[in-house]
Amino acid sequence: MAEAVATTTPRILVLGIGNILWADEGFGVRAVEAFHRVFEVPENVTVLDGGTQGLYLVQFVNEHDRLIVFDAIDYGLEPATLKLVEDDEVPKFTGAKKMSLHQTGFQEVLSAADLMGRYPERLALIGCQPVDLEDWGGPLTGPVAAVIPAAVELAADILGRWGVAVTRRPEGATVPPLLENDIDFDSYERRTARAAGANL
């Protein structure tokens, strides 16, 4: 009699990283917030605002089998260009070309996970070429904010390829924030817009 082959449902992490106080550096956080607002996910999928936690994120990577990351990436492309990089194309080690704009690049997190024997079996990096990284306290630029819906749909498509069905939330549904006391996109955009107008 043939032995039964045990199958397990992969644990998937949808992660946004970045600093919302440095203009387009906040792309990853705002994209994962938007994904959370648009889609409900099954129990095997975790949606996380990783902010600027750096190496502290390795614990979350270690707990999951597959990983989707939203981040602001210097690809050397036209500003506000979205680019998807998958699996072996994503740099693992600190000696590789720096893929993140953060002081502690996310490649260090992946390298640490690899050394611990927990490198993701599948990895997708949804990156956006920033327009402006020098506006301290400023919101996302218009062109980068405009591509967030496409980034969200791209993440849903990747999950679909991985056999995960997500459900679109009803329009206007009340969705709890990913973080308590977070600086939500709409409030932050309105506040920074008012401040800019006051300085004119």
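Predicted model: local features only at pLDDT ≥ 70, side-chain atom pairs only at ≥ 80, totals over all residues.
1. Let's start with strands 1 and 4. They run parallel and are joined by five bridges.

2. Now follow strand 4 to its partner strand 6. These two also run parallel, this time with seven bridges between them. Here F70 faces I126 in strand 6. Strand 6 is mostly covered, with six of its seven residues buried.

3. Strand 5 pairs with strand 6 in the antiparallel sense, over five bridges. If you want a residue to check, E86 has A124 in strand 6 as its bridge partner. As a reminder, the strands of a sheet pair through backbone hydrogen bonds, in either a parallel or an antiparallel way.

4. Helix 5 covers residues 148–161, which makes 14 residues. From first C-alpha to last it reaches 20 Å, close to the 20 Å expected at 1.5 Å a residue. Its buried residues are I148, A151, V152, A155, A156, I158 and L159. Why are they on the same side of helix 5? Because they cover an arc of only 160° around the axis. Over on the other side, P149 and R161 are exposed. Just after the helix, have a look at G163, which takes a positive phi of about 85°.

5. Next, the largest nonpolar core, with its 29 residues. The members that touch the most others are V14, F27, F35, I68, F70 and L159. Elements giving two or more residues to this core are strand 1 (12–17), helix 1 (27–38), strand 3 (45–51), strand 4 (66–72), strand 6 (122–128) and helix 5. Helix 5 supplies the largest share, seven residues.

6. F27 is worth a click. Leaving out neighbours within four places in sequence, its contacts include F70, D71 and A72, along with I126, G127 and C128. F27 is also in contact with L140, V144, V147, I148 and A151, among others.

Definitions and conventions:
Residues numbered from 1 in each chain as written. Heavy atoms only, no water. Helix = DSSP H or I, 4+ residues; strand = E, 2+ residues; numbered from the N terminus. Expected span 1.5 Å × (residues − 1). Buried < 20%, exposed > 50% of the residue type's maximum accessible area, 1.4 Å probe, protein only. Arc of directions from axis to C-beta. Core = buried A, V, L, I, M, F, W, Y, C linked by side-chain atoms within 4.5 Å. Contact = heavy atoms within 4.5 Å. Pairing = 2+ DSSP bridges.
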